[in-house]
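Here is a colleague's note to read alongside the model. Please keep the sequence and the 3D view open as you go through the points.

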Amino acid sequence: MKKPFILVLMTVLLSLHGTAFALDYDGLWFMGFNLNKDVFGDGNGRLVRQAANYAIDRQHICTAIIGDNNTPTTVLPKGMQGHDDSLKGYPYNPAKAKALMKKAGYSMSDKRLKNIVLLHTDGDKTVEIVKSIKNYLVSIGIGLKLKQIDYEDQDSWDSALSGGKNHLFLMGYKAPDPYDSATSPSPDASGFLTDLFHSSGSANFFFLRDKKLDALIGQNMAKEVLLILQEDPVTVNLFYITKL
């Protein structure tokens, strides 16, 4: 299995500002759900994952912390083949989030929602994002326990992701194939979707297993894949990664 192109460093993002780079993205930074954990993967897990998407103000994270005005809508960045502007993603809607949690059968004091472990690295921006996410999720009863790994300790990071002991993880992922904007109109989405969301994907740390989704990815039917991942999300899409 090839080593996935996972970003654990935030240093390249610290100098980015403004919107001059707005149309040249080749990756996504997101919070991922471990579907092997009952809260996110059982019969009502889809509702909880939807609720988390509504509960987190992604526009604030994207603009105030990262400095990019393009709040993500889907997992595919703007400019990547298959990106669909008609899909608007999840708006910030705390009331909707609370209603979904109630529908899923959880109260604010439910013990099953406490000590939910979020895995992340120790970059300054990463920590700032994690603290923001923690504050948003507590508003729907989800209490996070943060597990931080030194960004230089790649072995520990890889082991923690693949081990699947954590409920949530924060990471970035870039298109696996080299992309030269001067010679190609846009990066190819097929490898990106395969690595992250196919059952055999090298960066599928959601432990997502969906034969229908696998087939659509194999047929390069990006729009259909995006529709499924919007209705049944395994990520909270935080910001797109710019091509440098």
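**Notes on aromatic pairs and helix packing**

1. Y54 and Y90 are both buried, where buried stands for under 20% relative accessible area, exposed for over 50% and partly exposed for what lies in between, with a 1.4 Å probe and protein chains only. The two form an aromatic pair that is edge-to-face, at 4.9 Å centre to centre and with 80° between the planes; rings of Phe, Tyr and Trp (its six-membered ring) pair if their centres lie within 6.5 Å, and planes under 30 degrees apart count as stacked, over 60 as edge-to-face and the rest as tilted. Because Y54 lies in helix α2 and Y90 in the loop between α3 and α4, the pair ties together parts that are 36 residues apart in sequence.

2. Before going further, note that this is a predicted model, in which local features need pLDDT of at least 70 and side-chain atom pairs count only at pLDDT 80 or more, while totals for chains, interfaces and linings use all residues. Residues are numbered from 1 along each chain as its sequence is written, and side-chain values use heavy atoms, with hydrogens and water left out.

3. Helix α2 (residues 45-55) has 10 of its 11 residues buried, so it is largely enclosed by the rest of the structure. Helices (H or I, at least four residues) and strands (E, at least two) are DSSP runs, numbered from the N terminus. What covers the buried residues of α2 includes β2 (25-33), α5 (124-138) and α9 (222-231), where contact means heavy atoms within 4.5 Å.

4. The axes of α3 (residues 58-66) and α5 come within 11 Å and cross at roughly 150°; axes are lines fitted to C-alpha atoms, for helices over the stretch in contact, and angles run from 0 to 180 degrees between N-to-C directions. The two helices are therefore roughly antiparallel to each other, a label for angles over 145 degrees, whereas those under 35 count as roughly parallel, 65 to 115 as roughly perpendicular and the rest as oblique. On the α3 side the contact is made by H60, I61, I65 and I66, and on the α5 side by K125, E128, I129, S132, I133 and Y136.

5. Helix α8 (residues 211-218) packs with α9 at an angle of about 150°, their axes being 8 Å apart, and that makes α8 roughly antiparallel to α9. Here K212, L213, L216 and I217 in α8 meet E224, V225, I228 and L229 in α9.

6. Returning to the rings, the structure holds 11 aromatic pairs, and ring pairs link F30, F169, F197, F205 and F206 into a cluster. Both F169 and F206 are buried.
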